[in-house]
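This report describes the architecture of a protein chain, from its sheet to selected helices and individual residues. The sequence and the structure are shown below.

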Amino acid sequence: MAKTIMVIGGHIGDAELTAGALMASNAVDGGKNITVALTAGERGNPAHLTPQEYRVQKIQEAENFAKLVNGEAVVLEYCDGELPNDEKVRREVAELIVKYKPNLIITHWRSRMHKDHDRTHYIVQDAQFMAGVVGNSEGKRHYAPIYFAENWEDDHDFEPYIYVDVTKGFDLWCKALHEHWFVMNSKDFKYYDYYTSLARCRGALCKKQYAECFNILPHQKKVIKDEL
């Protein structure tokens with residue numbers, strides 16, 4: 001079923017790598033996708049670009065990716081590595097949730113490795129509460145459940161809980177990933193190889209061609225049956 005999916009990352013590229021195949025599959029079904037980057041991730045700049053120049057490039061890359069998966073890209077003004085943990089950013093995210101009215105939200109699992117990721121994890125949960133209970137500046141409200149994506153930079157206590165078949169969107173996702181310079185050219189980590197291979201491994205585990213995995217909070221993990 002076509003949905004409106006909002007994927008919120010600490011940097012441009014986080015949403016696209018960890019939930020991009022899901023977004024692409026949603027696009028194939030006629031759904032809409034919103035990527036939200038709380039920072040541009042500009043400090044991963046290549047030698048020939050300044051961080052500010054790379055920010056401009058990354059925003060264009062995010063927009064190019066979004067267009068390919070029937071979506072929109074939103075990038076907030078915060079600096080890479082300096083994402084604040086305050087009410088202002090929570091309010092901004094809550095306003096976006098009410099504006100776009102997603103059916104579901106995907107964001108980071110907690111992270112001891114990356115401060116921006118870890119702060120995003122908690123910012124999004126608080127923003128979800130604000131959007132659903134308090135509402136935006138006009139008093140309009142919207143609630144959507146949160147799922148947490150699998151990311152190599154987030155804590156290793158992430159446990160895949162939900163496996164989603166993304167086979168129908170895999171080729172589109174691979175094409176869209178080529179829009180991101182760092183995904184295809186980083187010397188520090190083989191992002192494209194890792195995430196596309198991970199999708200194949202997760203697919204094998206759930207007897208599908210390709211899959212992406214997501215987690216939920218421990219207190220939400222309740223399987224209720226009348227009998228075994």
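## The sheet

Two strands are taken to pair if DSSP finds at least two bridges between them. On that basis, this predicted model contains an open sheet of seven strands with mixed pairing, in the order β3-β2-β1-β4-β5-β7-β6. On average, and with direction ignored, neighbouring strands are turned by 30° against each other.

Strands of a sheet pair through backbone hydrogen bonds, either parallel or antiparallel. The antiparallel arrangement is found between strand β5 (residues 146-149) and strand β7 (residues 211-215), which are joined by two bridges. Within this part of the sheet, A149 stands opposite F214 in β7.

Helix α8 (residues 191-205) lies across β6 and β7, and its direction makes an angle of about 80° with β7. Beyond its neighbours within four places in sequence, R202 contacts E150, P160, Y163, A211 and C213.

Y163 belongs to strand β6. Its relative accessible area of 32% makes Y163 partly exposed. Apart from neighbours within four places in sequence, the contacts of Y163 are R202, L205, C206, E212 and C213. Y163 and G203 are separated by 40 residues in sequence, while their C-alpha atoms are 8.0 Å apart in space.

## Packing of α4 and α5

Helix α4 (residues 87-100) packs with helix α5 (residues 115-134) at an angle of about 55°, and the two axes are 8 Å apart. That angle makes α4 oblique to α5. The crossing of these two helices is right-handed.

On the α4 side, the contact is made by E87, V89, R90, R91, V93, A94, I97 and V98, and on the α5 side by Y122, I123, D126, A127, Q128, M130, A131 and V134. Classified by type, the residues of this contact comprise eleven nonpolar, one polar and four charged.

## Helix α2

Helix α2 (residues 20-28) is mostly covered, with eight of its nine residues buried. These buried residues of α2 are G20, A21, L22, M23, A24, S25, N26 and A27. Just after α2, G30 adopts a positive phi of about 95°.

## Loop residues with positive phi

Which backbone angle of N70 has a value of about 55°? It is phi, which is positive at N70 although this residue is not a glycine. N70 is located in the loop between α3 (51-68) and β3. Its relative accessibility of 42% places N70 in the partly exposed class.

K207 is likewise not a glycine and has a positive phi, of about 60°. The loop that holds K207 lies between α8 and β7. K207 has a relative accessible area of 74%, which is over the 50% limit, and is therefore exposed.

How values were computed:
Residues numbered from 1 in each chain as written. Predicted model: local features only at pLDDT ≥ 70, side-chain atom pairs only at ≥ 80, totals over all residues. Heavy atoms only, no water. Axes fitted to C-alpha atoms, helices over the stretch in contact; angles between N-to-C directions. Helix = DSSP H or I, 4+ residues; strand = E, 2+ residues; numbered from the N terminus. Parallel < 35°, antiparallel > 145°, perpendicular 65-115°, else oblique. Left-handed = near helix turned anticlockwise from the far one by under 90°. Contact = heavy atoms within 4.5 Å. Nonpolar A, V, L, I, M, F, W, Y, C, P; charged D, E, K, R; others polar. Buried < 20%, exposed > 50% of the residue type's maximum accessible area, 1.4 Å probe, protein only.
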